[in-house]
Amino acid sequence: MLFRSLLLLLVSIQAHASEKLDKIIARLEGTYEMIEWDDAGKKFFPPEVSARYVIRDGSIMWIAHKNSDGKRNSNAHYGSYLLTETSFAYGYNNWLEVSVEGDETKISWDPKPEMKSLTLPAMRTFSLSFENNLLRASAGNIYLEFREDGFDFVNKVSGFVRKYRRITK
């Protein structure tokens, strides 16, 4: 009888854990389109900026284009992520940045120095919390807030905020 009660308790705990992870996956995974890029108070909107963020099935991809002050930048990063009930971690294994200013074009396949910590196998790890239908991923001064309609990526130190809307069918 005791064994049966313990077994039922374990099954119940696993079912609850699975439901929680399913809820996190439903809120986090998706394809997102940039609607605003704020560089510490200087705001850009499409078509000056455009970006797609895809988080799905263990893969992550960010493609962005920014045209500002006579300079065009394009970035493409893709990699992997890990997700548990309490954490979200991601890193990139491929980087590409193209900058065009006047007649000069620069191409880099290497991450910027401040992004090297995101090169796989290294990952940026966030702790997760779910409050009032908002999934918050926090890692020090950086946080992401996932809502049903999109998410915000905020860096409190640099002051940048990138806002995305969820693309639905």
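**Exercise 1.** Sort the residues that line the largest pocket by class.

*Solution.* Start with the count: 13 nonpolar, seven polar and ten charged residues make up the lining. Here nonpolar means Ala, Val, Leu, Ile, Met, Phe, Trp, Tyr, Cys and Pro, charged means Asp, Glu, Lys and Arg, and polar means the others, Gly among them. Before going on, note that this is a predicted model, in which local features need pLDDT of at least 70, side-chain atom pairs count only at pLDDT 80 or more, and totals for chains, interfaces and linings use all residues. Residues are numbered from 1 along each chain as its sequence is written, and side-chain values use heavy atoms, with hydrogens and water left out.

**Exercise 2.** Give the volume of the largest pocket, then find which residues are the closest to its centre and which elements give two or more residues to its lining.

*Solution.* First, the volume is about 660 Å³, the space filled by probe spheres set on grid points that are joined across faces, edges and corners. Next, Trp 37, Trp 62, Lys 112, Glu 114 and Arg 162 are the closest to the centre, out of 30 lining residues. Finally, the elements that contribute two or more residues are β1 (30-39), β4 (59-68), β5 (71-83), β6 (87-101), β11 (150-155) and β12 (160-166). Strands here are DSSP runs (E, at least two residues), numbered from the N terminus. A pocket is an open set of points on a 1 Å grid over the protein atoms alone, with protein on both sides within 12 Å along at least five of seven lines, and lining residues have an atom within 4 Å of a point.

**Exercise 3.** Describe the surroundings of Asn 73 and Val 98.

*Solution.* Then look at the side chain of Asn 73, which makes a polar contact of 3.0 Å with the side chain of Ser 99. Such a contact is a pair of N or O atoms within 3.5 Å, one able to donate a hydrogen and the other to accept it; residues adjacent in sequence count only if both atoms are side-chain atoms. Neighbours within four places in sequence aside, Asn 73 is in contact (heavy atoms within 4.5 Å) with Ala 64, His 65, Lys 66, Glu 97, Val 98 and Ser 99.

Now turn to Val 98. Leaving out residues up to four places away, Val 98 touches Arg 72, Asn 73, Ser 74, Thr 105, Lys 106 and Ile 107. Val 98 counts as partly exposed because its relative accessible area is 23%.

**Exercise 4.** Trace the strand pairing from β6 to β8, on to β9 and then to β10.

*Solution.* Begin with β6, which pairs with β8 (residues 124-131) in the antiparallel sense over four bridges; pairing requires at least two DSSP bridges. Ser 87 stands opposite Ser 127 of β8, and Ser 127 stands opposite Ser 138 of β9.

The next step is β8 and β9 (residues 134-139), antiparallel and joined by five bridges. Leu 128 faces Ala 137 in β9. These two strands form a hairpin with two residues between them, and Asn 132 in the turn has a positive phi of about 45°.

Last, β9 and β10 (residues 142-147) also run antiparallel, over five bridges. Ala 139 has Ile 142 of β10 as its bridge partner. This hairpin has two residues between its strands, with Gly 140 in the turn at a positive phi of about 65°.

**Exercise 5.** Find the cis peptide bonds at Pro 47 and Pro 121, and the positive phi values of Asp 57 and Asp 69.

*Solution.* Take the prolines first. Pro 46 and Pro 47 are joined by a cis bond with omega about 10°, and Pro 47 lies in the loop between β2 (42-44) and β3 (49-56). The bond from Leu 120 to Pro 121 is cis too, with omega near 15°; Pro 121 belongs to the loop between β7 (104-108) and β8.

Then take the aspartates. Asp 57, in the loop between β3 and β4, has a positive phi of about 50° although not a glycine. Asp 69, in the loop between β4 and β5, has a positive phi near 55°. Asp 57 is exposed because its relative accessible area is 66%, and Asp 69 is exposed at 65%. The cut-offs are under 20% for buried, over 50% for exposed and in between for partly exposed, with a 1.4 Å probe and protein chains only.

Notes: On a 1 Å grid over the protein atoms alone, a cavity is a set of points where a 1.4 Å probe fits but cannot get out, and a pocket is an open set with protein on both sides within 12 Å along at least five of seven lines; lining residues have an atom within 4 Å of a point.
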